[in-house]
Amino acid sequence: MKTEPRTYEPTVPIWCAGCGHFGVLSALQKALRDLGIPQHEVLVLAGIGCSGTIQNYLGTYGYHALHGRVLPAATGVALANPELTVIGAGGDGDGYAIGMGHLVHAFRRNTPFTYVLMNNETYGLTKGQRSPSRRADGRSVREGSVDGPLLGLSIPATTFVARGYSGWYEQLAQLTVAALEHARGGHGFAFLEVISPCVTYQDTYPEWEQVLHDVDRDPGYDPADRGAALALAASLVAEGRLAAGLLFRAEAVAPPEAPVPARVPIADAGLVARYEALLDRYAVGARPEPSRPRAAPVE
Amino acid sequence: MTPHPRDDIGVMVAGQGGDGSLTLASLLGDVMGARGYELYQARNVASRVKGGHAAAYLRASLARRGGLGDRFDLLIAFDAEAIEQGSPRLDDHGYVVYDASEGPVARDRLPAGATVLEVPFGRLAVRDLRRDLYKNSLAFGVAARLFSVSDADAEAALRHSLRRLAGPLVDANVRALERGFGYADGHGLATGAGPWALASAERGDRILISGNEAVAFGFLAAGGRFFAGYPITPASEILEWLSARLPEFGGVAVQAEDELAAINMALGAAMTGTRAMTASSGPGIALMQETVSHLGSAEVGVVVVDCQRSGPSTGMPTKPEQSDLGMLVWGSSGDFPRVVLAPGDPADAFELGALATDLAERFQGPVLIALDQMVSQDLATVERLDPGSVEIDRGALLREAELATLGEYRRYRVEDDGISRWAPAGTWGGQSLVTGNERDEWGRVSTQPANRIRMVDKRARKLETILPDLPRAREAGDPEADVALLGFGMQTGVTREAAERLAAAGRPVRVFQPRTLWPVLEDVRELARACRRVYVVEHNASAQYAHVLAGAGLPNERLESVLRYDGQPFRPGELAAHVLEREAA
């Protein structure tokens, strides 16, 4: 039996005691374990911020992206090797501020990978500046806020939207598994926002039980109904509340056949013949052919 | 008339967009290419969707020139603006074929010795063929007679170029061609008896191709399988070509939402062991700068192509320039090793495109290719590209079997040659942390001073390791001359041709085309030692390459800049005259 080489030791989290991110890490570890995914088949891409250290704690392949660029990097990975379990992770500054442009396109493109966005409504690593998801309070916070799941629901190509809360661990673990299964099944982009309070700069733990409306506790809620999900999320935002749980999962359809560029042999004979045929189109001085009407297309 | 044989021909065709100027120039190129001429085709279009003035230039010469000459012999003008634009470079004894549908030609603008054929193309096409659309086929008939091409050869060329169209459309164009012959008959231009005759030369297997397409061919031949880009002139052809072709080769091309996404997608793909590239022009490359530095720090190999256009900012999108060089060599944050290559023609673009693709993965960092609008978009004949000439070396890439024997794997292990072994994501046993932060050998973030120095030095050593593999300059002219013309990219053809003129004028020069702009190689240092004066010919206002060379320790007093930034290429005669004048002083 072959022996795995010794690789890096996962490091100890830099997070403050009580940080919501511990719940996210724990849910992710449990999901990977429960789904039986070998560590070498997982690549966790994390952004910049406190949340952007999560890749160091797992023992999988880990990548530390530039600020805001988790989604394009993860898209490149997932397209180049769809056999991998690709997990993007980051905070609300990374995903809703500097990287917001990419989020819209990740929904629209629906490339199969998971994105866990840890929303604490603040920039913890740079000591407490306001983030775009900070809810207005009419006093010090006058700018409006971004609701990522609501945004995702508004894009027709979206296939998976969920919101968890690190205070509700069991549900978070289930949502993490559901997101990974959606992406690993090739169904598309799985977006999981986790309300993950910052105990140091934005301790909102006391609020969330009242603010969050958990659809998973509503037996009448149908997560396959995009219109209802969108309407509920929008009406809750208008009341100053947020929807939580498995908000929307499109009916599973067979994923399209995806190439695996990472596995293509570079100098395959068939590819060389195709290459030469392509070059023929650029030939100079080829003998003019007699003109013929265009052939009927072959069925 | 006794046809005069020509070994160097220049043609300009111009009119409103939609007049078919580009098609007509290509048709003439087909005829001349089939006779063994080397071709160079350029176009000059406004940066807009449709319409605006469009000009196509064709140079056909028995010697391979790689650029336009000083003059053209034939100006085919579909409107008065074409006369205005073309007349300054029309040969004193040139021919003008003018669409007289709108009125008489402005003779006072043309050289006195020029011959004008006023043909009411538009009117004839509408009256006889009911479509204005056919006027370029009509003009082709007149042009074929001027070059004493037989009517049968002209028709065969037209039919060949239209072979993908439906029969009735082809027939209508052939009728237009015949109208052109008829007009020529009425004006004393009998078949086979024009003012000029074409030579006939035997050639090997050649292709006519742009640098953008050639660089994509090179990428593909070197195993490139992932491309992401965002549309921008003059780089879009790379995105379009690879979007169409990569899927046929098991690869993926993505049109990203912006350049930030494009380069980061390429980075993601590269981490899986998929050879990856992105391409843009100055404004987009500027957006990519943060990731260029990140590639250098995180040690991920990606090819970045910059099809330079006139800057600054949005500048003149359709015009050539070489003013991104400072950004390519020095841009972005921090110290990190990078390579900047500069091909001078499509064959070179293929070769360096392939080399860059291989090198990026081996050296685990950014390899930048500096094209410019001319090398990117102009078409030139080159020997058929040979994918068999491309060497593929996966470098320090680790596979499962090797990992099983290692005992221990550190992603950023400090090696003598600076190149750490690496496992693409997904490889059993290769779990690792990749980051742009400073880190220890295991990939764990570290600010420890001794580690920092070891890591900066390790990355820098990679550049020394690959020095022997970097492409050396190409030379022409007189190797013994004490004066040199140095120019990269779009200057390649024109400096060589200027050197021929200078040799004929008794002032031989050495011609030097650097192909690695960064790092500065020994070859260009040797040049500056051997020559008392090196004319550094570049398209920018601030002598960017001369500054790079001087910064690398080349003697400033021997470097003399020859600059241009009006969006127009140097012409060989102008360059030769400049050097003659300067050397006489």
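Me: Which residue in β8(A) does Met118(A) stand opposite?
Reply: Met118(A) stands opposite Val194(A). This is a predicted model, where local features need pLDDT of at least 70, side-chain atom pairs count only at pLDDT 80 or more, and totals for chains, interfaces and linings use all residues. Residues are numbered from 1 along each chain as its sequence is written, while chains are lettered from A and ligands numbered from 1 in the order in which they are written.

Me: And how many bridges join β4 of chain A to β8 of chain A?
Reply: 6 bridges. The two strands, residues 114–119 and 190–195, run parallel. Strands pair if DSSP finds at least two bridges between them. The elements are DSSP runs numbered from the N terminus: helices are H or I with at least four residues, strands are E with at least two.

Me: What is the strand order of the open sheet of 9 strands?
Reply: The order is β9(A)-β10(A)-β7(A)-β8(A)-β4(A)-β3(A)-β1(A)-β2(A)-β18(B), with mixed pairing. On average, neighbouring strands are turned by 20° against each other, direction ignored. Axes here are lines fitted to C-alpha atoms, for helices over the stretch in contact, and angles between N-to-C directions run from 0 to 180 degrees.

Me: How many bridges join β2(A) to β18(B)?
Reply: 3 bridges, and the strands run parallel. Gly62(A) has Leu433(B) as its bridge partner there.

Me: Which strands does helix α6 of chain A lie across?
Reply: Helix α6 (residues 169–184) lies across β3 (85–91), β4, β7 (160–165), β8 and β10 (242–249) of chain A. Its angle to β7(A) is about 160°. Helix α8 (residues 226–238) of chain A lies across β9 and β10, at about 170° to β10(A).

Me: New topic. How many residues does the contact take from each of chain A and chain B?
Reply: 58 from chain A and 78 from chain B. Contact means that C-beta atoms, placed from the backbone, lie within 7 Å. On chain A's side, β2 (61–64), α2 (70–80), α4 (100–109) and α9 (269–280) each give two or more residues. The largest share, 8 residues, comes from α2(A).

Me: How do the residues of that side of chain A divide into nonpolar, polar and charged?
Reply: 30 nonpolar, 19 polar and 9 charged. Ala, Val, Leu, Ile, Met, Phe, Trp, Tyr, Cys and Pro count as nonpolar, Asp, Glu, Lys and Arg as charged, and the others, Gly among them, as polar.

Me: What domains does the assignment give for chain B?
Reply: Domain 1 (4–198), domain 2 (208–389), domain 3 (400–461) and domain 4 (474–584). The bounds come from an automatic or database domain assignment. The C-alpha centres of domains 2 and 3 of chain B lie 26 Å apart. In chain B, 12 residues of domain 2 are in contact with 11 residues of domain 3. Helix α10 (residues 282–298) of chain B gives the largest share of the domain 2 side, 3 residues.

Me: How many residues of strand β12 of chain B are buried?
Reply: 6 of its 6 residues, 275–280. Buried means 20 or more other C-beta atoms within 10 Å of the residue's own, exposed means 12 or fewer, and partly exposed is in between, with C-beta atoms placed from the backbone. Both faces are covered, with Arg275(B), Met277(B) and Ala279(B) on one side and Ala276(B), Thr278(B) and Ser280(B) on the other. In a regular strand the side chains alternate between the two faces of the sheet.

Me: Which strand of chain B pairs with β12(B) over 4 bridges?
Reply: Strand β13 (residues 302–310), in the parallel sense. Met277(B) stands opposite Val303(B) there. The chain crosses from β12(B) through α10(B) to β13(B), and this β-α-β crossover is right-handed. That term means the path from the first strand over the helix to the second runs clockwise, with the strands pointing away from the viewer.

Me: Last one. Is Pro569(B) buried or exposed, and why?
Reply: Buried, because 22 other C-beta atoms lie within 10 Å. Pro569(B) sits in the loop between β24 (559–563) and α19 (572–584) of chain B. Leaving out residues up to four places away in sequence, Pro569(B) touches Gly67(B), Leu68(B), Pro320(B), Met374(B), Met490(B) and Val494(B).

Methods. Contact = placed C-beta atoms within 7 Å.
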